[in-house]
Every structure is written in C-alpha cells, then in structure tokens.
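Please keep the model open while reading.

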Amino acid sequence: MKHSNISIFIPHIGCPHMCSFCDQRTISGSQHAPSGEEVREICSKALCESKSPENSEIAFFGGSFTAVPRDYMAELLEAAKPFVGSGKFHGIRISTRPDCIDREILDILKSYGVTSIELGAQSMMNHVLEANERGHTAHDVDQACVLIREYGFELGLQMMMGLYKSMPDDDLETVRRILDIHPDTVRIYPVVILKGTKLAELYEAGIYKTYSFDEMIETVSAALMMFADSGIRVIKCGLHASEFVEKDMTGGFYHPAFRELCESRIYRGKMSEIIAYEQSDTKKLVLAVSSSCISKAAGHKKSNIEYFRQYGIEVEIVGDENIAKYEVQLRR
Ligand code: SF4
C-alpha cells in the first residue's frame, strides 16, 4: 500500500535564519500558522476519509519545526498525538534544520509520538553552506543524524542542487556524503530561484550563474542512480507543481515532470551502452524494461525514441515485470 502524508504547513515563524534560497511563504503557499484546534480538525477529517490510515503520517512541513516557539510546537504535537496509534495514523513526521536538533528536543518529539525526522542538509560542502547563509556546517548534519538514529527515528535528508557556488562535482560529493550517512529517505530539490530572495539578487546581478538545465538533469540522474544502488528511497525529486512556484520563480530549475526527465535520462544512458556494445549494423532494437517504466524509458514525449532515431536506430521498448527499475535488457 502506498505511503501518504497528511501535510500541515508551518510557516517561517521562529526561524532566525534567512537562507539564500528561502521564501518560505512562497514554498508552503501559506503564511497562516495553524492552531492546535485547526490541526485537530485537519487530522479528524483526514482520518474519517482515509481508507488505510496505518500507511499515512501526519506531516508538519514548511518551516523549521523544532525552531518554532516551544509552546507552539507542543500545542501542535499535543493536537496531533491522539490521532496516532492502532487504527489511526502511523506516526508524525517533521522537518527541521540540523542545528535545531539536540537531546532535549528529541525527548520531546519522542514523547509526542513523532516517528520520522527530515533534516534540510541542502549541501555537505561547507563553502556552499556558507555562501548560501545556511548558518550550519556539514559536521552539524553528521552530528544531528547520529543523534536521530540513536533515538530510533526514521531519518530523512533533503538536499538542494545547483546552489550558489555549487558545481555538479560539489553536488555529487554531497550525494556521496549522504550515502555514507545512509538515511532512510532523501528528497532532491534542484534549486529554484524565487523572487525576493538573496539568490534572486545574486542571479539578477550576474554574480550567481546556475549551471545549464541539461547539466542539472545529468547530475540529478547520476544522484538517483547512486541512491538506488545504495537502496535509499528518493521520495521527492523536484518541487511539486505549484502555481506559487511558477509565478514567483525568476530562475533555476523547475519542471512539472522533473523526476520523469531525470529517469528518462537514466534509461537513455543505459540504452546507449547496449547500443554501443552491440556495434552491429542493426537498425532496429527491441529493449525490455520494467513494465511500470515503459514510458520513462521512451522518454518525456518519446524523447529517447526520437534521440536514437536521429542516429538511424529504431528502438522498440517492451515491458517485463521481472526486470528491475532502471535495468534494460536487449531482446533478440
Ligand atoms: S532554515 Fe529553513 S525556514 Fe529558515 S531560512 Fe533557511 S530554509 Fe528558510
């Protein structure tokens, strides 16, 4: 059964930072800070409507949850807690900053039934963290992860690619450092430059030059493969389709089907390897992929089929439920 979240957005309140990319209001689409009563109403409605609440978590997203005033944090958790347990939701999920995690906070989260903690690591390169005014170091991420694991929470890490002063090599080094930590889940966000942010200022002044869209697709594709090879679930790749993002972005990498573009690129690479290895005069090839990945292998708007066609090769893609994700086999 598919996992789902009952998402409750907590705005920027309490966060003392102003990271270069952050306009929390734009990302969460709301400035309203929900009260405990509103959380109760949301959870109660979601529980009535849910067919399998045991596969869902109440998720506080949007800001730095453990940096909001302590009374407010307790009010929200107090409201959510009665909806967790047997016949109810599986747990509570929160997202926060690595330097807003300590034993006292983790004790509180545990006592309210929080099950998963996602940290905004963004980068594991200190020069990138500093240039983007994150206010923490890679060491803070490592330390917070050790503590979260010690307490038995599910651990998620979020990373951002293409930040100011980050090149593809820096982003892939961040992926390698995250592999070392081996979180349960990862979210990959290619940078989106929002109006009114520090990044927008640097971008408009020509100081911050992002790498190309194609390089970003290549880099994120490589990251997806690395996480897949290590058995780490990538639960998000690219910002969700939102009118707020499209309206407020001034640069960066947003596409409503961003993950599909990256996964199609993975398949193109795998198919190219097979075609190069064949090195015959064959002009038509039948390639088999996982049954659920036929459209990804064909590419966004059949771009992979067209790509090979320009080299005079007709590719037919067939599905096989015994083939693993991202694997491609030649059929003779
Ligand atoms: S820590 Fe999070 S909420 Fe605070 S400024 Fe940075 S991105 Fe925004």
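The points below are grouped by topic.

This is a predicted model: local features need pLDDT of at least 70, side-chain atom pairs count only at pLDDT 80 or more, and totals for chains, interfaces and linings use all residues. Residues are numbered from 1 along each chain as its sequence is written.

**Domains**
- The protein chain is divided into domain 1 (4-256) and domain 2 (277-331). The bounds come from an automatic or database domain assignment.
- Between the C-alpha centres of domain 1 and domain 2 the separation is 35 Å.

**Helices H2 and H3**
- Helices (H or I, at least four residues) and strands (E, at least two) are DSSP runs, numbered from the N terminus.
- H2 and helix H3 (residues 70-80) pack at about 25°, with axes 8 Å apart. Axes are lines fitted to C-alpha atoms, for helices over the stretch in contact, and angles run from 0 to 180 degrees between N-to-C directions.
- H2 and H3 are therefore roughly parallel (angles under 35 degrees count as roughly parallel, over 145 as roughly antiparallel, 65 to 115 as roughly perpendicular and the rest as oblique).
- The crossing of H2 past H3 is right-handed (the near helix is turned clockwise from the far one by less than a right angle).
- From H2, Gly36, Val39, Arg40 and Cys43 meet Glu75, Leu76, Glu78, Ala79 and Ala80 of H3. Contact means C-beta atoms, placed from the backbone, within 7 Å.
- By class, the contact of H2 with H3 has five nonpolar, one polar and three charged residues. Ala, Val, Leu, Ile, Met, Phe, Trp, Tyr, Cys and Pro count as nonpolar, Asp, Glu, Lys and Arg as charged, and the others, Gly among them, as polar.

**Helices H7 and H9**
- Helix H7 (residues 168-181) packs on helix H9 (residues 213-229) at about 15°, with axes 10 Å apart.
- H7 and H9 are therefore roughly parallel. H7 passes H9 in a right-handed crossing.
- H7 contributes Pro168, Asp171, Leu172, Val175 and Leu179 to the contact, and H9 contributes Glu215, Thr219, Ala222, Ala223 and Met226.
- The contact of H7 with H9 has seven nonpolar, one polar and two charged residues.

**Single residues**
- Cys48 sits in helix H2 (residues 36-49). Cys48 counts as exposed because it has 8 C-beta neighbours inside 10 Å (buried is 20 or more other C-beta atoms within 10 Å, exposed 12 or fewer, partly exposed in between).
- Cys48 and Tyr277 are 229 residues apart in sequence and 56 Å apart in space, C-alpha to C-alpha.
- Lys81 lies in the loop between H3 and strand E3 (91-96). Lys81 has 16 C-beta neighbours inside 10 Å, so it counts as partly exposed.
- Beyond neighbours within four places in sequence, Lys81 contacts Tyr112 and Gly113.

Technical notes:
Contact = placed C-beta atoms within 7 Å.
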